[in-house]
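Here is a briefing on selected strands, helices and contacts. Please look over the model first, then read the points below.

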Amino acid sequence: MSALHIKKGSTRHSAYNLRPTFSDVQERHTIAVLVENEPGVLARVIGLFSGRGYNIESLTVAEVDHTGHLSRITIVTTGTPQVIEQIKAQLGRIVSVRDVHDLTVEGDSVERELAIIKVVGEGDKRVEALRLADIFRANVVDSTLNSFIFEITGAPDKIDAFADLMRPLGLVEIARTGVAALLRGE
Amino acid sequence: MTREMTGAKMVVQALKDQGVDTVFGYPGGAVLPIYDEIFLQNDIRHILVRHEQGAVHAAEGYARSTGKPGVALVTSGPGATNAVTGLTDALLDSIPIVVLTGQVPTFMIGSDAFQEADTVGITRPCTKHNWLVKDTDSLAGTMHEAFHVATSGRPGPVLVDIPKDVQFASGEYTSPKPSTSHYQPVLKGDLEEITELVAAIETTKKPVFYTGGGVINSGPAASQLLRELVDATGFPITSTLMGLGAYPASGENWLGMLGMHGLYEANLAMHDCDLMINIGARFDDRITGRIDAFSPNSKKAHIDIDPSSINKVIRVDIPIVGDVAHVLEDILKVWKARGRKTDVANVKQWQGQISEWRKVNCLAYTNSEKTIKPQYALERLEELTKKHDRYICTEVGQHQMWAAQYLDFEDPNRWMTSGGLGTMGYGFPASIGVQMAHPDALVINVAGEASWLMNMQEMGTAAQYRLPVKQFILNNERLGMVRQWQELLHGERYSHSWSEALPDFVKLAEAFGAKGILCSDPADLDDAIMEMINYDGPVIFDCLVEKHENCFPMIPSGKAHNEMLLGEAETQGVIDSKGSVLV
């Protein structure tokens with residue numbers, strides 16, 4: 001007998017074809033998480049993202065309060081509105097998490113990222129790289145006769161734009177810190 | 001007050017100060033100092049299990065049946081990894097347990113030492129929180145914090161990993177004090193949302209209460225308040241597997257369990273209601289079925305202490321974050337202050353509709369005079385044990401669903417079953433934990449033979465402590481639920497869903513010095529059950545039942561509540577929500 005009207009031998013019917021009905025628009029959010037700086041706390045946060053299948057676009061972490069042993073983790077993530085809400089709620093229930101702020105919805109925020117970029121080249125390309133660095137307010141922090149290391153600070157898309165321009169001019173290596181962000185005003 | 005003592009002594013002292021009377025455990029190299037301290041005292045009873053998984057499930061059984069945290073003590077490495085299933089089980093069912101693991105000495109951590117495992121790493125995703133204690137001075141504080149975290153907010157399992165040198169070294173012991181912990185979940189619900197829910201209660205025409213394990217976790221007061229609210233409003237109430245007993249099965253508004261194998265009237269009430277009041281449940285996929293067809297026309301309120309449960313699966317209209325007892329108290333207060341209003345006429349009509357659905361008698365089955373039907377076995381078990389001070393555990397599978405359908409629960413904390421994780425092998429060790437907490441009660445583990453074999457080594461524990469746990473095995477010589485799905489979804493290809501080498505359960509019982517009872521004839525069943533109840537000691541009851549019985553009603557996965565299957569013969573295809581079309 002087959003009460004489900006499934007033909008014998010059929011393999012098309014998964015038992016788990018459950019689909020939610022929430023909006024599927026992807027949003028990008030910057031979330032600041034204040035955590036107690038104890039061993040394993042970063043693993044708890046990252047494990048939450050990997051275990052539940054959420055994205056991490058960028059993540060920065062450092063102790064910001066040495067006496068209170070508090071670290072600030074800034075995470076840039078993408079997801080549907082429902083997923084973003086879940087991420088915040090799930091972060092909030094980690095025992096060592098003190099506070100969760102969604103900077104994208106709580107008001108205007110300032111986002112900054114630092115990158116250092118090594119560009120190797122000679123002649124015109126070298127001159128052009130230096131001129132563009134000036135326009136982007138990137139600093140030269142190291143130089144040899146055929147290479148520069150630029151330091152640039154700004155919003156992630158500004159760094160993307162600068163890196164794109166440097167690529168044909170001899171970009172060989174780039175290191176980025178990920179986003180640090182604060183709400184504007186009081 | 002602080003006192004100087006060794007880490008091992010601190011562990012035992014902290015357990016005493018936390019009111020722990022029973023610890024389930026298994027010794028090993030990395031916990032020997034703690035075992036030495038246990039040897040030297042008489043306040044805490046240690047129960048030697050036969051496998052660490054058994055220790056954790058026993059602690060869960062103890063916790064679920066008492067409302068107090070359960071405690072397990074195991075060694076490092078394999079001791080800790082064997083505890084992982086129990087920890088995950090407790091996490092998914094929100095059961096407060098504290099697991100203490102030994103660890104290799106701090107100076108050997110990371111050297112791949114003998115019986116070393118990264119216990120906090122392995123158990124991070126399957127605990128609510130865990131700690132590796134690196135110095136003896138912080139051990140007492142961590143122990144007290146562990147109990148605080150396990151029992152506050154949404155309860156759950158915690159683990160404290162204690163290296164052997166920390167156990168040997170001396171340090172300052174601090175007594176538990178009113179918690180200075182930063183972990184302080186909100187208990188009171190938002191009054192604005194509560195008022196909105198009360199307004200909805202006043203005007204609803206087709207309401208249903210949908211309650212879950214959160215009511216039981218909130219404590220006895222929550223169950224009392226729930227009963228008061230349900231009886232005062234007259235609204236029908238259904239419950240998840242985890243919430244059975246919060247509202248009595250004999251109560252006049254009781255619909256029975258809902259969900260995949262829930263009752264027809266409960267699921268249709270969920271589908272057709274206009275106000276769903278979720279109290280301490282989490283819209284689990286066994287409950288919702290197809291999400292886009294889940295109760296399409298209702299306003300939904302959700303009371304949960306865990307904000308991440310809100311809008312996780314189902315979008316709700318009235319979210320209330322808070323402890324069930326606190327929120328119910330406020331709901332009653334506001335509702336009474338506004339004049340105890342409900343739409344009596346329309347609710348009465350709705351109750352009439354539900355009575356029509358109830359006439360379908362979805363738990364009816366074809367009985368047999370030759371073989372014992374599992375449903376019949378449970379009906380008789382219910383009849384013969386309902387007057388006893390009774391606790392029921394189950395394993396996982398068909399027998400578990402039948403137990404939920406055919407046994408009646410009048411009070412909370414009387415029903416111990418693995419809901420979220422669905423852990424085969426849970427029930428037997430859990431029954432040991434329950435019996436330890438309630439030495440004079442009748443503790444029955446309704447089991448399938450396949451699940452039961454997964455932790456059968458605990459017969460040694462039951463025998464050693466003379467625990468009169470009754471193992472009521474519905475033996476169909478099959479992995480019944482797997483077999484049912486293979487029949488329904490996999491073209492009746494029964495791939496590895498039976499055992500060709502089952503033990504003689506009577507002889508097995510006798511080998512452990514326990515009593516074995518075999519029953520295969522329905523005519524003998526009552527006498528055999530009475531023999532089991534009256535025997536003062538552990539019993540394995542081998543009840544040979546119909547081998548190919550399927551568990552109905554059933555919402556096939558990916559189907560909506562009104563697409564239930566009621567039984568083998570009568571339901572072919574989609575069931576209309578109008579009860580009259582059925583059967």
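Six of the six residues of strand β18 (residues 470-475) of chain B are buried, so β18(B) is largely enclosed by the rest of the structure. Buried means 20 or more other C-beta atoms within 10 Å of a residue's own, exposed means 12 or fewer, and partly exposed lies in between, with C-beta atoms placed from the backbone. Helices (H or I, at least four residues) and strands (E, at least two) are DSSP runs, numbered from the N terminus. This is a predicted model, in which local features need pLDDT of at least 70 and side-chain atom pairs count only at pLDDT 80 or more, while totals for chains, interfaces and linings use all residues. Residues are numbered from 1 along each chain as its sequence is written, and chains are lettered from A and ligands numbered from 1 in the order in which they are written.

**Strand β18 of chain B**
- In a regular strand the side chains alternate between the two faces of the sheet.
- Both faces of β18(B) are covered. B:Lys470, B:Phe472 and B:Leu474 are buried on one side, and B:Gln471, B:Ile473 and B:Asn475 on the other.
- Strand β17 (residues 442-448) of chain B runs parallel to β18(B), joined by five bridges. Pairing requires at least two DSSP bridges between two strands.
- B:Gly448 sits opposite B:Leu474 of β18(B).
- Strand β20 (residues 539-544) of chain B also pairs with β18(B) in the parallel sense, over six bridges. Here B:Gln471 stands opposite B:Ile540.

**Six-stranded sheet of chain B**
- The strand order is β3-β2-β4-β5-β7-β6 in an open sheet with parallel pairing.
- β3 (45-48) and β6 (129-132) stand at the edges with a single partner strand each, so one side of each has no neighbour in the sheet.
- The twist from one strand to the next averages 20°.
- Seven bridges link β5 (residues 97-103) and β7 (residues 157-163) of chain B in the parallel sense. B:Val99 has B:Leu159 in β7(B) as its bridge partner.
- Helix α3 (residues 52-66) of chain B lies across β2 (22-25), β3, β4 (70-74) and β5, and runs at about 165° to β4(B). Axes are lines fitted to C-alpha atoms, for helices over the stretch in contact, and angles run from 0 to 180 degrees between N-to-C directions.

**Helices α2, α9 and α14 of chain B**
- In α2 (residues 32-39), the buried residues are B:Pro33, B:Ile34, B:Tyr35, B:Glu37 and B:Ile38.
- Their cover includes β1 (2-6), α1 (7-17), β3, β4 and α8 (164-168) of chain B.
- α9 (residues 191-203) and α14 (residues 324-337) of chain B pack at an angle of about 60°, with axes 9 Å apart. That makes α9(B) oblique to α14(B). Angles under 35 degrees count as roughly parallel, over 145 as roughly antiparallel, 65 to 115 as roughly perpendicular and the rest as oblique.
- Residues of α9(B) in this packing include B:Leu191, B:Ile194 and B:Val198, and those of α14(B) include B:Val327, B:Ile331 and B:Trp335.
- By class, this contact has nine nonpolar, one polar and one charged residues. Ala, Val, Leu, Ile, Met, Phe, Trp, Tyr, Cys and Pro count as nonpolar, Asp, Glu, Lys and Arg as charged, and the others, Gly among them, as polar.

**B:Leu187**
- B:Leu187 is in the loop between β8 (170-174) and α9 of chain B.
- B:Leu187 counts as partly exposed because it has 16 C-beta neighbours inside 10 Å.
- Beyond neighbours within four places in sequence, B:Leu187 is in contact with B:Gly322, B:Asp323 and B:His326. Contact means C-beta atoms, placed from the backbone, within 7 Å.

Note on methods:
Contact = placed C-beta atoms within 7 Å.
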